[in-house]
Amino acid sequence: MSDAELTVEGTGPVATVVIRNPARRNAMTAAMWRQLPVLLDGLEADPAVHALVLTGADGTFCAGADLGDLDELLDAGDASIAVTAEERLATFAKPTVAEIRGACVGGGAQLAVACDLRIAAVDARFGVPPARLGLVYPAPTTRRLARLVGPSAAKHLLFTSELIDAERALRVGLVDEVLPPDALSARVAAITAAVAQRSRLTVAAAKEIVDGRADEDRIAWWHGQVRASGEAREGVAAANERRPPRFGWVPPAGH
């Protein structure tokens, strides 16, 4: 039996998906690409989960796609299982944070960029290697990278296949924070704990709007949810009374 798999850890409002493939520095196999959307579907439907952390086992985030499955990935082009998994992660309805140590390369960078936030250890290294391998990086992935870091930085990563360190990744906007390795998990836990205490309605609406997935009708729907749910009244009352808010909005089925 292969020991390459994705596992879900953690209880309470924050779930952690761990990338495990010790023989290949946590490279994503075809089976793991297929497994990710299934895991995400279950976590999105779980009302106890407010936020998701994606990380790698044993000090490495993900060294890419396992090239033993190259033919399958090439034949599908932009309809590959890797792009399908990336898109499912990008549209996950709850906040996602990539906790990055060590190598975050190729498919690993693809997954990290699909998360909402990326918090890295100072020893993290980032790279996008298709030019070194003779591949065309998927168009959805390329566009997402360019939106995040800008055209020039995206072209540098894509044209050169060079690895960049965490400090340069921070400068170009590829990551949001860089910390010492022994402080990384605590910082990610603090961020996700703060998110879990906020209004789920506000956070879900903000994610859709920032990502450009909410049209005018959808935005009107979100404002209707504010009026119907009482979230804003509770938030203002809590601020006036100097107490933690008791937000209770739960996403309606099929929202």
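Which residues point one way from β4, and which point the other way? T96, A98 and I100 point one way, while V97 and E99 point the other way. The legends below return to this strand. The model is predicted.

**Figure 1. The whole protein holds 12 helices and nine strands.**
The radius of gyration is 19 Å, close to the 18 Å that the globule rule gives for 255 residues, so the protein is as compact as a globular protein of that length. Its C-alpha trace spans about 60 × 45 × 40 Å along the principal axes. Of the 255 residues, 46% count as buried. Residues 24 or more positions apart account for 69% of them.

**Figure 2. The surface of the protein exposes about 12,500 Å².**
Carbon and sulfur atoms supply 56% of this area. Charges are counted by side chain. There are 27 positive and 32 negative side chains. The centres of the two sets lie 6 Å apart.

**Figure 3. Strand β4 is mostly covered.**
β4 runs over residues 96–100, and five of its five residues are buried. In a regular strand the side chains alternate between the two faces of the sheet. Here T96, A98 and I100 take one side of β4, and V97 and E99 take the other. Both groups are buried. T96 is buried because its relative accessible area is under 20%, the cut-off for that word.

**Figure 4. β4 pairs with β3 and with β6.**
Strands of a sheet pair through backbone hydrogen bonds, either parallel or antiparallel. Strand β3 covers residues 51–56 and pairs with β4 in the parallel sense. Four bridges join β3 and β4. V53 stands opposite V97 in β4. Strand β6 covers residues 117–121. β6 also pairs with β4 in the parallel sense, over four bridges. In β6, the bridge partner of E99 is I119.

**Figure 5. β1 and β2 form a hairpin.**
Strand β1 spans residues 5–9, and strand β2 spans residues 14–20. They pair in the antiparallel sense over five bridges. Four residues lie between the two strands. In the turn, G10 has a positive phi of about 95°.

**Figure 6. Three strands form an open sheet with mixed pairing.**
The order is β5-β7-β8. β5 (103–105) and β8 (164–165) are the edge strands, and each pairs on one side only. Strand β7 takes in residues 125–127. β5 and β7 pair in the parallel sense over three bridges. A103 has R125 in β7 as its bridge partner.

**Figure 7. Helix α4 is mostly covered.**
α4 covers residues 107–114, and eight of its eight residues are buried. They are G107, G108, A109, Q110, L111, A112, V113 and A114. An α-helix has 3.6 residues a turn, so residues three or four places apart point the same way. Look next at G107, which has its place in α4. Its relative accessible area is 6%, so G107 is buried. Leaving out residues up to four places away in sequence, G107 touches W33, C62, G64 and A65. G107 and L157 are 50 residues apart in sequence. Their C-alpha atoms are 14 Å apart in space.

**Figure 8. K207 is a buried residue of helix α10.**
α10 covers residues 200–210. Is K207 buried or exposed? K207 is buried, because its relative accessible area is 8%. K207 is in contact with A90, F92, A93, K94, P95, T96, D116 and R213. One of these, T96, is a buried residue of β4.

**Figure 9. P140 is a partly exposed residue of helix α6.**
α6 covers residues 139–149. P140 has a relative accessible area of 23%. Buried means under 20% and exposed means over 50%, so P140 counts as partly exposed. Not counting residues up to four places away in sequence, P140 touches D78, V83, E86 and E87. P140 and D71 are 69 residues apart along the chain. Their C-alpha atoms are separated by 20 Å.

Technical notes: Residues numbered from 1 in each chain as written. Predicted model: local features only at pLDDT ≥ 70, side-chain atom pairs only at ≥ 80, totals over all residues. Heavy atoms only, no water. Rg over C-alpha atoms; globule rule 2.2 N^0.38 Å. Buried < 20%, exposed > 50% of the residue type's maximum accessible area, 1.4 Å probe, protein only. Contact = heavy atoms within 4.5 Å. Areas by Shrake-Rupley, 256 points an atom, 1.4 Å probe, with all protein chains shown as cover. Lys, Arg positive; Asp, Glu negative; His and termini not counted. Charge placed at Lys NZ, Arg CZ, Asp CG, Glu CD. Pairing = 2+ DSSP bridges.
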